[in-house]
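Subject: The two-chain model, and what turned up in it

Hi,

Here is the structure I promised to pass on to you.

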Amino acid sequence: MIRNLWQRLIAPLDPPLMIVAALLLVYGLVVVASASPERVGAQLLNMLVALVVMRLVAQVPPQKLMHYALPVFAGGILLLVAVALFGDVSKGARRWLNLGFMRIQPSEIMKIAMPMMLAWYFQKYETALRLREYLVAALILLLPVVLIAKQPDLGTAILVLAAGCYVIFFAGLSWKVIITLCTAAVAAAPVAWSMMRDYQKSRILTLLNPQSDPLGKGFHIIQSTIAIGSGGIFGKGWGQGTQAQLEFIPERHTDFIFAVLSEELGLIGISLLMLLYALLVGRGLMIAAKAPTLFTRLLAGSITLIFFTYAFVNMGMVSGILPVVGLPLPFISYGGTALVTLFVGIGILMSIHKHRMLVQK
Amino acid sequence: MEFKNPEQELKRFHRRLTGAGVFALLAFALLFARFFWLQVIQHDYYQTRAEDNSISLVPIQPNRGLILDRNGVVMAHNYSAYTLEITPSKVANLDKTIDALSKIVDIQPKDRKRFKKLMEESRSFESLPIRTRLSDDEVARFVARRYRFPGVDVKARLFRQYPLGESASHLLGYIGRITDSDIARIASKDEEDNYRGTEEFGKSGLEQKYEFQLHGQTGFEQVEVDSSGRAVRVLSRTPPVAGDNLTLTIDAKLQQVAEQAFGDQNGALVAIDPSTGGILALVSMPNFDPNQFVDGIDTQNWDALNNSPDRPMLDRALNGIYPPGSTFKPYLALAALQDGKRTPQQTIVDPGYFSFGGHIFHDDKPGGHGIVDLHKALVVSCDTYFYMLANDLGIERIAKFVRKFGFGQRTGVDIEGESEGVLPSPEWKKKHFKNPEQQRWYAGETISIGIGQGYNAYTPIQLAQAVATLANNGVMYRPHLVKFVTDTKTGVATPIEPEPERTIPLKQADIDFVKQAMVGVDSDKDGTGAGAFAGAGYTSGGKTGTAQVYSLKGAKYVEGKTKEDLRDHGLFIVFAPADHPKIALAVVVEHGGFGAQSAAPIARKVLDYYLLGKLPPAPAAIAPADQTSAGAGQ
């Protein structure tokens, strides 16, 4: 009876994906326990919520997801507009919407809603994908990205933009256009620079030369770099990182948790983490490759690459090769919102994989 | 593009999927390269930086050595107290912060003033005390609100304290915050490491002279600090070693008796043990309270000390220079006896003046002293006798002889900045004056030298050293204040050996004669010191002196018509007991009038206490003193 229930419970889950995700969660919990022991309980609760959401999403068939794509996206846009108009300001940014009983961050929804929307759009025009369709897709993409960037929340904007671009890329936008766009982007960089906010500019400047302001803006990067470097091959041992435990690392349980991991667990610990990410991405790409429809292919491919981007941007910024844009380390950082989003993505991947045969029939 | 081939589309999708996978792997490889660079190749560098971040060497201030008198009375020690300190470089708005702090702890305007002064003098990045000696209550109140005050902290510090207050202030000196010139001195001794964390430095007196012995060895604590610089735990500890203790030759009680004997008069007294050179009392009046300097003196008190016409900061015993007046006569007598220019038996008839080159040199006593021999000349202080004697000796011989007693040379006492004084001689005039007219030595000038006037000007410590040397039959010791230095770690006491500087070749009979005459000064019925020493209960050999205060330009001194600050200085030199002197001293009372009436009574009180343990009847009242009674010698 219980066994039967368990069987039904895990039926929609993809074992390889589940195992990798679970390992990542355990790993994350271990690091959080060192970086911020008092938050372990709360993080366990976050994980539980995320897993429940994943399980719920995993049983939703892709066709249904397609139906949800447009309403979810439209709703997301409305919420973003609402944020721009009535959002709560915290730390100089307007990112939160107070619903009275809870506060939500609509930009988070876009990380999933954006690839769903574009995948749905390309599926709809599957047979006649011309430049016009790509232009419309670009507009669909840019609207929320601009709204999010204006909040300002550069990290999320980049992720949403990346998610959309991945869909467009997988949909088959010709290399000629891609190269032209990339060239144009480089050419437009100065314009973008002039439109950036001061703190965004300073983050980029700091990245180029953190030593220019060692106690101010460069402090984060210098301290996290020291943490990583001093960790060495084997690390200083769990809970033994001086940079981490003596509070030299800022945001050590959230955005900069990777520095804690690197300092205490060393290159070995980093390699393990990167291996888990690689397995996750590999499994995701495999699911995408076997996906039956354009929608599911694009969605699975994009979500998978979002996992990669998430991890890459965070590790890059903490180790000082990318600007500090304020993204958590996926599956590891403390925090519920990002975790739920990630597991919605995992759930979707699982659903696509489980339903690959059904669709074809 | 018109025709979509699903097969081809799927292939392209797979190609792109593979491309994305390869791209992700490459990106991860790039990251891995970065981590390899940081964690393997640059590991040592970052390891050091992490340690620099988290490990800091905190100096532990050693206890400054104590200063004790010869009987173990504490004259300088330390106590620990909490101070509230601000690091100005870490505080955005200083005035606002101090205002806010003043709501928690008591901060007076004088605290603010002192803080301002410290800020002007301080090195950057230093933390400076805004309040010292916090009560436990104040400490608790601040600590609870510390988070509101970045750059402000409570620290436990050692404070120097001089329990005797103003007593012996000039010889003890004081300590104050380290200045640039102190840093240069520390550097010249290669002591920079040892002075990390030290904030005070001896500024004068023994505190300055023995700074490097008193300081001790700074200890260090290796502590782990968090990002806000707060110590988390101690990794290792090298304890500090307290500075050496100084035990002085000074008798603190004697010092106090001498100081009180001055009342509100200005002047100096130096008492020496003739057999060692150990200084028993070194008085300069008025004195000051060195405790004021310990936590930084505020501007108001500093100005008061420096602008006072009484110049309390001047160490008159070492830096005041005074004509010796008649206290010079015993040495001239000795010179004349040595050279055979006089015999004890020779007499003169004193008409009350000495006439030389058309100029009349007056004796103190109108009409003169009658028939005078050398003994009487000293006992009654006959000027005429010594005018003639000086004239017969000549300046060269006088200068050569008295130089042996230390006149006009630094004694080498263990306090810095001693003055040299002026021993006049033809060579000195040549060196001192530029105008050829003034460079000439006139024979008439020699005659004034005979009574200790003219260009003669010596420090009280020179006068004391000379009388001590005389008392010790010509064997001269270097005056010194420190009897022994005690290593506080090993407990080994290193005595400062008495240094016989020289033995003046003198005939014992001549010495005995002069000493006997000085005993006469204090005991013969016509002796100038007899009044002051009536019924003393011990025999002493003294000599009174009254030094005219007039400028070298030659303004005339007219007795009785002069203001207080032009009145004569009163002097007295003495040794006792006469047969086996245990103490020799010199007193100068500025503008005290006759030495017999101003200086000798002070010497009497000092000797009474030192030899008999007798305290003066009632210590001088602290109430505002009566100016007229002070100089009541006239």
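One term before anything else: two strands count as paired if DSSP finds at least two bridges between them. Please also keep in mind that this is a predicted model.

With that in hand, look at the hairpin formed by β11(B) and β12(B). Six residues lie between its strands, and B:Gly277 has a positive phi near 90° there. The two strands pair in the antiparallel sense over six bridges, and one of the facing pairs is B:Ala268 with B:Ser284 of β12(B).

Which strands make up the open sheet of five in chain B? Their order is β12-β11-β23-β22-β21, and the pairing is antiparallel. At the edges are β12 (279-285) and β21 (541-547) of chain B, each of which pairs on one side only. From one strand to the next, the twist averages 5°.

Stay with β11 of chain B, residues 267-272, and turn to its other neighbour. It pairs with β23 (residues 583-589) of chain B over six bridges, again in the antiparallel sense. Here B:Ala268 stands opposite B:Val588, while B:Gly267 faces B:Val589.

Is β11(B) buried or exposed? Six of its six residues are buried, so the strand is largely enclosed by the rest of the structure.

Another is α23 (residues 595-612) of chain B, which lies across β11, β12, β21, β22 and β23 of chain B, at about 30° to β22(B).

Now for some helix packing. Two packed helices are described by the angle between their axes and the distance between the axes. In chain B, α14 (residues 329-339) and α22 (residues 508-523) pack at about 150°, with their axes 10 Å apart. Angles over 145 degrees count as roughly antiparallel, and α14(B) and α22(B) are therefore roughly antiparallel to each other. The crossing of α14(B) past α22(B) is right-handed. On the α14(B) side the contact uses B:Pro330, B:Ala333, B:Leu334, B:Leu337 and B:Gln338, and on the α22(B) side B:Asp510, B:Phe513, B:Val514 and B:Met518. Sorted by class, these are seven nonpolar, one polar and one charged.

Chain A has a helix pair for you to look at as well. Its α5 (residues 106-124) and α6 (residues 131-149) pack at about 175°, with their axes 10 Å apart. That angle makes α5(A) roughly antiparallel to α6(A). From α5(A) come A:Ser107, A:Met110, A:Met114, A:Met117, A:Leu118 and A:Tyr121, which meet A:Ala137, A:Ile140, A:Leu141, A:Pro144 and A:Ile148 of α6(A). This contact has ten nonpolar residues, one polar and no charged.

Chain A also has an open sheet of three strands, in the order β1-β2-β3 with antiparallel pairing. Its edges are β1 (88-90) and β3 (103-104) of chain A; each has a single partner strand, so one side of each is left without a neighbour in the sheet. β1(A) pairs with β2 (residues 93-98) of chain A over three bridges, and A:Asp88 has A:Trp96 as its bridge partner.

- Chain A has 15 helices and three strands, and 52% of its 361 residues count as buried.
- Chain B has 24 helices and 23 strands, and 44% of its 634 residues count as buried.

Finally, where do the chains meet? There are 35 residues of chain B in contact with 37 residues of chain A. On the chain B side, the elements giving two or more residues are α1 (6-41), α2 (43-54) and β8 (219-225). The largest share, 19 residues, comes from α1(B). By class, this side has 18 nonpolar, nine polar and eight charged residues.

Enjoy exploring!

Best wishes

Technical notes
Residues numbered from 1 in each chain as written. Chains lettered and ligands numbered in written order. Predicted model: local features only at pLDDT ≥ 70, side-chain atom pairs only at ≥ 80, totals over all residues. Helix = DSSP H or I, 4+ residues; strand = E, 2+ residues; numbered from the N terminus. Axes fitted to C-alpha atoms, helices over the stretch in contact; angles between N-to-C directions. Contact = placed C-beta atoms within 7 Å. Nonpolar A, V, L, I, M, F, W, Y, C, P; charged D, E, K, R; others polar. Buried ≥ 20, exposed ≤ 12 C-beta atoms within 10 Å, placed from the backbone. Parallel < 35°, antiparallel > 145°, perpendicular 65-115°, else oblique. Left-handed = near helix turned anticlockwise from the far one by under 90°.
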